[in-house]
Amino acid sequence: MKVVVIPPKEKLDYLAETIIEGLYKNNIDIYSSDLGNGIKEKDVYSDEEIIKHSKDCDFIFVIWGKITRNYPGPKYSLLNHMNYHDKLVFIDGSEWTSTAHPMMNQVRDSKHNPKLRRGTPWVNEDMFKKSKWYFKRECYEEDVERGIIPLLFGAVDRYFLNKNVDKKYDIFCSYGQVNDGLRLETFNVCKKLKDEGYDVLIESGLPYEVFKEKLASSWIGVDAWGGGDCCARLWEVLANKTMAMTQEYNIEFPNDFLDGENIVKYKTIDEFEVKVRKYLNDKKEMNRISNNGYQHLIDYHTSQKRVEYILGIING
């Protein structure tokens, strides 16, 4: 299969990274307009070559990226020179709004009303009109009703520690920021548990290999919403055979995990504290759930599985 990819130039995007790695793992021939997010240098072509390859490719994947002063995002303008009808796939990894730039006071106000996390504009209407398939990371029920397809992050290879370590910490709770969801609240509960004598890691800024080893050495890994419900931390926790405690998503979640079977979900901070204390007293149960979570991840939520999911839809 031959796929033309128009990715976000250079800037890391977790969904773009997931999909690009998954394309390679599914042995798909990639013809990319830019480097970044795992694109191999040998697969990058000039604009003129990309336009030429678009004529006989099977699909064109345009992958969203946040536009900032230093990063231009994907080259949407290339579509003006392509006959993309019936083969255009748009991958929308945005959060807060379709640009990922929050509305005024949106971050603050959504702490009290999670419905405000779905900002305006929410959908890239131009790409919605052009695309035969529109996949979206933060996809709500009303988006599905429009024909938008949910597509979450997945576990990429770099998330896995790939060595066995013993469990020696009770909880791993580390966030890059604590402004969203129940991050601050869960962090404070973990600090309280640490003060009570539990072995809780609440460090941040760790080198990534050290981060993974400490995560894999923990019985519980804590996840809460960030800018989107879907965050990389959930997949990092699961990839390292640690029991994931995650704030329950409001977005659509294909092949979801089951609370108490392969994950632990919470909706409120009170529920979080009750459950974390319960599981800390039952290592056998934590081990069962973490192993089940890892297997469910391998079965449905790796980068390879994400692209298999996409191909199953677009090949019909």
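This is a predicted model: local features need pLDDT of at least 70, side-chain atom pairs count only at pLDDT 80 or more; totals for chains, interfaces and linings use all residues.
The open sheet consists of six strands, arranged in the order β2-β1-β3-β4-β5-β6 with parallel pairing. The edge positions are taken by β2 (29–32) and β6 (149–150); each has a single partner strand, so one side of each is left without a neighbour in the sheet. Strands β1 (residues 2–6) and β3 (residues 59–63) run parallel and are joined by four bridges. In this pairing, valine 4 is placed opposite isoleucine 60 of β3.

Two helices were examined against the sheet. Helix α1 (residues 14–25) lies across β1, β2, β3 and β4 (88–92), and runs at about 155° to β3. Helix α11 also packs on the sheet, where it touches β3, β4, β5 (133–136) and β6. The direction of α11 makes about 150° with that of β5.

The largest nonpolar core comprises 73 residues, of which Ile19, Ile60, Phe61, Ile91 and Trp235 touch the most other members. For isoleucine 60, the contacts beyond four places in sequence are Val4, Ile6, Ser54, Leu79, Met82, Tyr84, Lys87, Leu88 and Val89. Another core, of 22 residues, lies apart from the largest one and includes Ile171, Tyr279, Leu280 and Met286.

Helix α11 has 12 residues, which at 1.5 Å a residue should span 16 Å; the end C-alpha atoms of α11 are 17 Å apart, in agreement with this expectation. Ser303, Arg306, Val307, Ile310, Leu311 and Ile314 are the buried residues of α11. Because these residues cover an arc of only 135° around the axis, they are on the same side of α11. Their packing partners are α1, β3, β4, β5, α8 (232–239) and α10. After α11 comes glycine 316, which has a positive phi, near 60°.

Threonine 302 is located in the loop between α10 (283–300) and α11 (303–314). Its relative accessible area is 13%, and threonine 302 is therefore buried, the cut-off being under 20%. With neighbours within four places in sequence left aside, threonine 302 is in contact with Ala155 and Leu297.

Helix α9 (residues 269–280) was treated in the same way. Its 12 residues should span 16 Å at 1.5 Å a residue, and its end C-alpha atoms, 16 Å apart, agree with that value. The buried residues in α9 are Phe272, Glu273, Lys275, Val276, Tyr279 and Leu280. Among the elements that cover them are β7 (169–172), α6 (183–195), β9 (218–223), β10 (243–247), β11 (264–266) and α10.

Strand β9 contains tryptophan 219. The relative accessibility of tryptophan 219 is 15%, so this residue counts as buried under the 20% cut-off. Residues up to four places away in sequence not being counted, tryptophan 219 touches Lys167, Tyr169, Asp170, Thr242, Met243, Lys283, Met286 and Asn287. Tryptophan 219 and threonine 18 are separated by 201 residues in sequence, and their C-alpha atoms are 26 Å apart in space.

Notes: Residues are numbered from 1 along each chain as its sequence is written. Side-chain values use heavy atoms; hydrogens and water are left out. Buried means under 20% relative accessible area, exposed over 50%, partly exposed in between (1.4 Å probe, protein chains only). Contact means heavy atoms within 4.5 Å. Two strands pair if DSSP finds at least two bridges between them. Axes are lines fitted to C-alpha atoms, for helices over the stretch in contact, and angles run from 0 to 180 degrees between N-to-C directions. A nonpolar core is a set of buried Ala, Val, Leu, Ile, Met, Phe, Trp, Tyr and Cys residues joined through side-chain atoms within 4.5 Å. The expected span of a helix is 1.5 Å times one less than its number of residues. The arc is that of the directions from the helix axis to the C-beta atoms.
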